[in-house]
Number of protein chains: 2
Amino acid sequence: MSTNLSPLFAPEGVVVIGASRQSGKLGAAMARSLASFPGARALVNARRPEPGEGLYASVAEAVAHTGARLDLAVLCVPAAGCADALAEAAAAGCRAALVCAGGFGETGPEGGAHADALRRVAHRTGVRLLGPNTSGFFAPHLGLTASFVPAAGQLPAGDVAVVAASGGVNHALAFDLVAAGNGISLGVGIGAGLDVTSADILEHLAGDGRTTAVALHLETVPDGPRLVEAVRLVAAVKPVVALVVGRTDVGDFARSHTGALATSWRTTRAALRQAGAVVVDDEREMVDALTALSRIQLRPHPDPGLGLVTAQAGPGLLIADRAGTDGIRMPELADTTQGTLRGLLPPLTYQRNPVDTGRPAETFARVLAATATDPQVDLLAVYALTEPDSVDLATAAQDAGLGADSPAVVVVAGLPEDVAEQRARLHKAGIPALTGPASAANAVRAMVTHARQRAVPTGGAGQEPAASVPSGQLDEDAAKTFLTELGIRTPERVACATRAEAHYALHLLGGPVAVKVLDAAILHKTETGGVHLGVRTPDELDAALDAIGPDLRYLVEAMAPPGVDLMLGVRRDPVFGPVVLAGLGGTAAEALADVAIRLAPLSADEAATMPDDLAARALLDGWRGGPELDRAEFGRVVSALATALAVSPDTAEFEINPLRLTADGLIALDAVIVPAAPPAQDH
Amino acid sequence: MSTNLSPLFAPEGVVVIGASRQSGKLGAAMARSLASFPGARALVNARRPEPGEGLYASVAEAVAHTGARLDLAVLCVPAAGCADALAEAAAAGCRAALVCAGGFGETGPEGGAHADALRRVAHRTGVRLLGPNTSGFFAPHLGLTASFVPAAGQLPAGDVAVVAASGGVNHALAFDLVAAGNGISLGVGIGAGLDVTSADILEHLAGDGRTTAVALHLETVPDGPRLVEAVRLVAAVKPVVALVVGRTDVGDFARSHTGALATSWRTTRAALRQAGAVVVDDEREMVDALTALSRIQLRPHPDPGLGLVTAQAGPGLLIADRAGTDGIRMPELADTTQGTLRGLLPPLTYQRNPVDTGRPAETFARVLAATATDPQVDLLAVYALTEPDSVDLATAAQDAGLGADSPAVVVVAGLPEDVAEQRARLHKAGIPALTGPASAANAVRAMVTHARQRAVPTGGAGQEPAASVPSGQLDEDAAKTFLTELGIRTPERVACATRAEAHYALHLLGGPVAVKVLDAAILHKTETGGVHLGVRTPDELDAALDAIGPDLRYLVEAMAPPGVDLMLGVRRDPVFGPVVLAGLGGTAAEALADVAIRLAPLSADEAATMPDDLAARALLDGWRGGPELDRAEFGRVVSALATALAVSPDTAEFEINPLRLTADGLIALDAVIVPAAPPAQDH
């Protein structure tokens with residue numbers, strides 16, 4: 001199969017199979033949409049050919065008559081006829097095909113058989129197949145509209161590509177991007193993805209010079225590692241902004257739609273982020289992010305500073321409040337900058353950041369330039385109302401040198417026609433123009449996120465090859481011994497086969513100790529009365545051992561100092577493979593699903609950023625005089641654990657819970673290793 | 001002072017004081033903006049009068065020459081001259097005034113003196129004063145643009161009113177509302193609010209027949225109870241949608257802007273919600289909410305069901321996913337509805353809800369009608385791409401009877417001009433049209449929130465008059481005895497003055513018990529070693545008493561069964577007065593500020609809704625087989641506590657922490673009552 005998608009997205013010629021003259025039919029809509037394609041074009045209808053009218057009986061006949069290379073076949077025939085039609089097209093020289101119809105895998109056994117047949121023909125012939133169950137694609141700069149939505153033909157060419165799971169979302173995003181003043185380089189709806197997937201298209205876009213930024217919409221992920229690799233490839237050279245559906249359980253409807261199972265929303269988002277994509281929450285945020293990132297990117301920076309110049313205090317306050325909520329730093333401007341601003345602005349205006357100019361005067365461009373070039377400012381946001389007898393904002397922004405070398409986003413508020421005029425001029429100058437405080441805040445967040453993500457040192461494992469996990473069921477003592485080998489601190493402890501050994505252990509360790517049942521088969525020892533804390537005296541020890549019961553092994557362990565409990569786990573995700581999860585201990589954090597996720601293995605530097613994903617991260621930073629988490633130490637612990645899982649095929653998962661943050665650093669208080677089930681297991 | 005704002009917002013005549021012919025001056029901009037006002041209009045410039053040109057030397061002269069009633073004076077003179085100008089205007093018969101300039105309270109002592117002088121004149125003369133520090137207001141249906149932003153004169157008249165803390169936000173919101181297809185009834189920026197406040201304008205709008213919904217933007221709240229009363233008044237007759245700034249600490253900049261202290265963001269939002277406002281997070285959500293609520297409101301309903309009909313599965317999935325995230329119920333359609341849909345739609349489409357129609361066919365209107373009238377559906381959301389040769393969506397929506405009697409929001413996607421045309425027709429038919437999945441989800445959330453809030457039974461205290469809190473410092477035993485009087489359960493306990501009494505208490509209660517130091521002056525007894533749990537034997541009791549120390553009183557108390565710990569507190573908010581706060585116990589909930597707030601006193605029914613505000617509420621609903629919170633019992637406990645604070649002027653605050661949820665219901669495990677400080681205290 002060809003990995004080259006040029007026959008699909010940049011064909012020399014196109015043939016519509018099942019073309020129709022009957023308005024309302026798919027074959028008629030496609031023929032009409034493709035009418036403006038400037039390359040070769042042929043229509044085929046086996047049942048009602050009209051060769052004199054350019055409606056041929058077969059692809060071969062069309063090729064013979066037109067003498068053209070018809071790379072792309074657009075199949076407008078029922079599901080049951082698609083496999084045969086594709087085979088015929090391939091035989092006649094087509095190298096790519098689009099199937100829009102439904103009636104395949106999503107509809108039950110009969111449709112599944114049609115899908116299998118179609119997939120087999122594609123694989124056998126090497127034809128790259130987009131669909132089925134999509135409204136198609138469009139490449140405006142080629143005049144190529146392979147979509148049955150007529151308005152798609154009027155989308156202006158530009159530099160944003162859309163890769164959407166759904167044809168409807170492809171169109172919706174493209175229309176939204178255009179409404180925000182952008183143009184489209186390529187827009188694709190994947191549909192069922194029998195052959196061509198999002199990953200294929202991302203690989204294609206990595207080398208597409210026209211595209212400066214990519215919108216990625218995902219509903220399901222058929223091949224996690226492949227998708228991650230493709231996102232990584234694109235994100236290394238241009239921004240990818242991703243929207244993932246499935247925060248709630250929309251599985252039943254989603255399955256009806258694509259015939260595929262929904263994957264884990266949180267894990268998918270984490271994987272995309274780690275691969276370099278900027279992940280957003282809805283399609284508006286996506287449009288705002290792309291309006292900015294398709295024009296300007298910040299240099300990689302762990303914490304870029306935002307400067308804000310506003311002509312109206314109230315909207316400026318809305319932007320500042322949202323930026324603060326998003327954790328974006330708004331540094332106080334340098335004394336020299338404030339000195340410059342004092343010379344440019346009326347007295348009594350606020351000049352520390354935000355800079356409140358009042359009604360823009362002729363100094364506005366110099367105010368913008370001074371703020372943008374402040375040493376603490378990495379990105380400038382500008383807000384102003386258009387006022388005909390005031391400063392021309394687009395001109396001022398250009399005079400201030402805003403653009404790629406002096407990153408900025410500009411909001412021009414006012415009547416729609418005034419805003420559109422200013423926006424067009426700002427965009428022409430390469431300066432992203434947004435439509436209000438919320439959209440500016442979205443753009444700022446996307447740009448800052450993009451800069452921060454690229455400042456995280458990556459590089460695969462980056463870790464010394466770890467020992468692999470010993471095989472078989474490990475009890476807590478063995479699991480902790482293995483943690484020690486990984487360089488993870490555990491409490492002093494003695495595994496005891498008898499009560500006498502337990503008493504000797506208490507004598508050795510001194511009180512207070514924790515006394516636990518030691519049995520790899522008992523997973524919930526706390527719930528079953530197998531854990532006794534704060535045991536100080538031989539009497540208390542006897543009481544604890546009595547409670548645990550006879551004929552068992554015991555673990556006697558020094559009590560750890562108080563601190564903040566974390567949870568750290570590595571497991572195998574069915575879609576993405578080894579992943580690591582970290583969160584705070586306790587049920588509240590769990591109920592809120594406040595967890596940081598990364599693909600494993602990963603470097604210690606990369607893992608060190610995980611705590612900052614947590615909503616409750618304040619608890620790790622000296623909450624009420626408590627201990628502060630050393631991010632580097634945490635990164636080493638996570639990386640060691642994640643690397644160990646990656647090199648241990650016999651281990652299914654591995655959890656340290658709690659991993660306690662103390663004044664002396666991290667210490668693992670309990671550990672569970674779950675061996676992989678035998679391969680023949682049911683799932 | 002007149003409470004009637006008609007002279008301000010509907011004057012017979014307007015006079016601009018400090019009018020100027022010099023372009024760029026405020027006095028020129030105002031004169032130009034007011035030029036289109038069809039009522040009487042006069043310009044005054046004391047320094048450069050040109051009576052022949054209609055530029056008079058004084059207001060009295062203008063009145064004499066024009067013979068008109070000049071209700072509204074627009075003052076375009078420097079801050080230092082405003083008080084005198086206002087006095088002159090009042091003497092000449094003006095009953096309302098607008099001051100746009102800055103240079104008053106926000107700029108230091110000199111400006112403060114100008115503000116005081118201006119306020120005194122307003123109070124003495126009874127002139128209602130809007131400003132200073134605002135860009136003004138506009139009333140499009142009267143052709144009245146008292147704003148120095150020229151584009152404001154082009155805002156179409158309509159039925160949404162804007163009441164914004166900031167003049168800039170007033171304009172920004174009005175432009176955004178218009179861009180979304182709405183018109184404006186009145187738009188006001190409060191500015192410094194020396195006289196006219198948001199509460200005044202809300203009271204005015206309650207009786208304004210032109211206004212069907214109100215946008216309320218708040219930065220500070222000068223008088224909490226007055227604002228709450230005004231919001232309640234309006235919300236009883238038309239929707240109020242509120243946006244509150246100050247989630248993050250933007251105080252320094254905010255003070256520079258309005259000269260006022262920022263209030264508590266969470267408490268303000270809670271108070272507004274309780275008064276009936278729909279609270280939103282940003283200005284886009286506000287516009288979406290008003291686009292819907294100004295046209296259609298659901299009947300009060302504790303949990304309205306959402307039906308969704310979509311012509312494109314992918315965007316429908318985005319809407320369904322967001323609705324699920326927002327906690328909105330999407331019921332499966334009734335069998336009869338599904339039967340009807342089967343007859344209208346092609347086989348294999350999803351018909352349970354969402355209803356996935358595929359490309360709209362001539363049955364589309366009947367599909368909409370069938371879904372909208374399903375007994376489980378209280379609100380219908382519709383998504384479709386415009387397609388010229390497909391069904392006309394606006395016509396289908398009307399044919400389906402959508403509108404006030406069959407509530408719906410409709411998204412029409414496509415090219416901007418197609419969307420605008422469809423939207424105009426939908427709006428004309430009273431059907432809210434939105435611009436995409438996120439905006440539809442915002443509109444749905446606002447409508448559902450509005451319906452839910454009105455379904456909560458309110459009615460002030462609604463509680464039997466509670467005993468007031470005993471005065472003075474109360475120790476834990478006395479505090480718990482008082483809780484018992486309020487009908488709140490506490491553990492069995494014995495207050496002990498000696499070790500012997502403590503031993504007798506252990507004997508009486510049986511083990512295990514909690515042993516605590518009993519001293520009203522010790523607030524953090526756990527941290528200071530004053531609490532010992534799980535004490536079973538006389539030896540353990542002696543150890544606990546030794547640890548607490550000699551010469552103290554002790555509380556010996558039965559241990560409560562395990563459960564989920566909550567925190568419940570009542571305190572006095574400096575702006576809103578008595579408030580009640582409830583959250584989950586533990587540091588994670590605290591770090592996340594996951595807390596429900598209500599104004600006190602409140603009824604048990606109203607208080608019963610508080611747990612559902614909590615992000616971690618799943619922990620209260622039988623998390624992992626744990627206990628389930630009885631909302632009615634919780635409501636009674638909260639209402640009793642809140643009512644007690646309201647009738648106890650000597651008490652500053654009162655906290656139960658933890659309030660444990662057990663299998664047997666709620667039980668208060670610790671309680672602290674803080675007496676009010678003497679009135680002369682420093683703060």
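Me: Before counting elements, what counts as a helix or a strand here?

Reply: Helices are DSSP runs of H or I with at least four residues, and strands are runs of E with at least two. The model is predicted. On that basis chain A has 23 helices and 28 strands.

Me: What are the overall dimensions of chain A, and what share of its residues is buried?

Reply: Along the principal axes, the C-alpha atoms of chain A fill a box of roughly 105 × 75 × 35 Å. Of its 683 residues, 58% count as buried. Now look at contacts between residues at least 6 apart in sequence. In chain A, 71% of these join residues at least 24 apart.

Me: How do I read the relation between the two chains?

Reply: Two copies of a chain are related by a rotation about an axis and a shift along it. Here a 180° rotation with 0.1 Å of shift along its axis puts chain B on chain A, with an RMSD of 0.1 Å. That is the relation of a two-fold axis. Both copies use the same surface: 100% of the contact residues of chain B recur in chain A.

Me: Which residue of chain B comes closest to the rotation axis?

Reply: A588(B), with its C-alpha at 3.2 Å.

Me: How do I read one helix by its faces?

Reply: An α-helix has 3.6 residues a turn, so residues three or four places apart point the same way. Take α19 of chain A, residues 499-509. Its buried residues include A502(A), A505(A) and L506(A). Viewed down the axis of α19(A), the buried residues fall within an arc of 100°, so they line one face of the helix. A500(A), Y504(A), H507(A) and L508(A) are exposed on the other side.

Me: What covers the buried residues of α19(A)?

Reply: The cover includes strands β19 (493-496), β20 (513-517), β21 (531-535) and β22 (554-558) of chain A, along with helix α20 (538-548). Just after α19(A) comes G510(A), with a positive phi of about 70°.

Me: How do I describe two packed helices?

Reply: Two packed helices are described by the angle between their axes and the distance between the axes. Start with α7 (198-206) and α8 (224-235) of chain A. Their axes come within 8 Å and cross at roughly 20°. α7(A) and α8(A) are therefore roughly parallel. The crossing of α7(A) past α8(A) is left-handed. Residues of α7(A) in the contact include L202(A), E203(A) and A206(A); among those they meet in α8(A) are L227(A), A230(A) and V234(A).

Me: Are α13 and α14 of chain A roughly parallel or roughly antiparallel?

Reply: The axes of α13(A), residues 335-344, and α14(A), residues 364-372, come within 9 Å and cross at roughly 175°. The two helices are therefore roughly antiparallel. T337(A), T340(A), L341(A) and L344(A) of α13(A) meet R366(A), V367(A), A370(A) and T371(A) of α14(A).

Me: Now single residues. Is Q338(B) buried or exposed?

Reply: Q338(B) sits in helix α13 of chain B. Its relative accessibility is 10%, so Q338(B) counts as buried. Setting aside residues up to four places away in sequence, Q338(B) touches E332(B), L333(B), Q351(B) and R352(B).

Me: What does S135(B) contact?

Reply: S135(B) lies in the loop between β6 (128-130) and β7 (136-139) of chain B. This serine is buried, with 8% relative accessible area. Beyond neighbours within four places in sequence, its contacts include M30(B), C100(B), F148(B) and H171(B).

Me: Which backbone values deserve a second look?

Reply: Most residues other than glycine have a negative phi, and most peptide bonds are trans. In the β6-β7 loop of chain B is P132(B). The bond from G131(B) to P132(B) is cis, with omega near -5°. Another cis bond joins A600(B) and P601(B), with omega about -5°. P601(B) lies in the loop between β25 (595-599) and α22 (604-607) of chain B.

Me: Where do A593(A) and R624(A) lie?

Reply: A593(A) is in the loop between α21 (587-591) and β25 (595-599) of chain A. Its phi is positive, about 50°, although A593(A) is not a glycine. A593(A) is partly exposed, at 30% relative accessible area. R624(A) is in the loop between α22 (604-607) and α23 (631-646) of chain A. Phi of R624(A) is positive too, near 50°. R624(A) is exposed, at 63% relative accessible area.

Key
Residues numbered from 1 in each chain as written. Chains lettered and ligands numbered in written order. Predicted model: local features only at pLDDT ≥ 70, side-chain atom pairs only at ≥ 80, totals over all residues. Heavy atoms only, no water. Least-squares fit on C-alpha atoms with pLDDT ≥ 70 in both. Contact = heavy atoms within 4.5 Å. Buried < 20%, exposed > 50% of the residue type's maximum accessible area, 1.4 Å probe, protein only. Arc of directions from axis to C-beta. Axes fitted to C-alpha atoms, helices over the stretch in contact; angles between N-to-C directions. Parallel < 35°, antiparallel > 145°, perpendicular 65-115°, else oblique. Left-handed = near helix turned anticlockwise from the far one by under 90°.
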